[in-house]
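Look over the sequence and the model before reading on.

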Amino acid sequence: MPALVPSPTAALSRRRSVLTFAALAGAAGIVGTGLAPGAVAAATKVAQKTVAYRSSPNGKLRCDLCTQWQAPASCKVVEGTISPSGWCSLYAAKA
Ligand code: SF4
C-alpha cells in the first residue's frame, strides 16, 4: 500500500520544480498565458542575473553537482555560459 504522506525528499523535489517554473515564468513574463511548464522550459532560459548566478560555488554547492547542469559549460534553465564551479538560486542537487 502506498504511503499517504509524501516523503520529505518527494516534497522538496516538488517544491523545487514549482520554484523553478515560477522563476522561469516570471522571467519570461508569461504568467497567465496558459503555456504548460514544459513549453516554458523548452522555449526560454532565465537570465543569470535573475537567479543570482555566480561563477564561484556556494560552499560545496556547484553547478556540476546540479540536476540542471549540461557539460561542458551550460545549464538547462539558465542562459549563457555556465561554469562547472558556479552556482545560482535554482540549484537542485543531483539525487
Ligand atoms: S546551479 Fe543554477 S546555473 Fe548552475 S546548473 Fe544548477 S540551475 Fe544551472
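## Contacts and fold

Among contacts in the protein chain between residues at least 6 apart in sequence, 56% join residues at least 24 apart; two residues are in contact if their C-beta atoms, placed from the backbone, lie within 7 Å. This is a predicted model, in which local features need pLDDT of at least 70 and side-chain atom pairs count only at pLDDT 80 or more, while totals for chains, interfaces and linings use all residues. Residues are numbered from 1 along each chain as its sequence is written.

The protein chain has two helices and two strands, in the order α-α-β-β along the sequence. Helices (H or I, at least four residues) and strands (E, at least two) are DSSP runs, numbered from the N terminus. Of its 95 residues, 20% count as buried.

| Element | Residues |
|---|---|
| Helix 2 | 37–43 |
| Strand 1 | 69–70 |

Tyr53 is buried because 22 other C-beta atoms lie within 10 Å; the cut-off for buried is 20 or more other C-beta atoms within 10 Å of the residue's own, placed from the backbone. Leaving out residues up to four places away in sequence, Tyr53 touches Gln48, Val78, Gly86 and Cys88. Tyr53 and Cys88 are 35 residues apart in sequence, yet their C-alpha atoms are 4.2 Å apart in space.

How values were computed:
A residue is buried if 20 or more other C-beta atoms lie within 10 Å of its own, exposed if 12 or fewer, and partly exposed in between; C-beta atoms are placed from the backbone.
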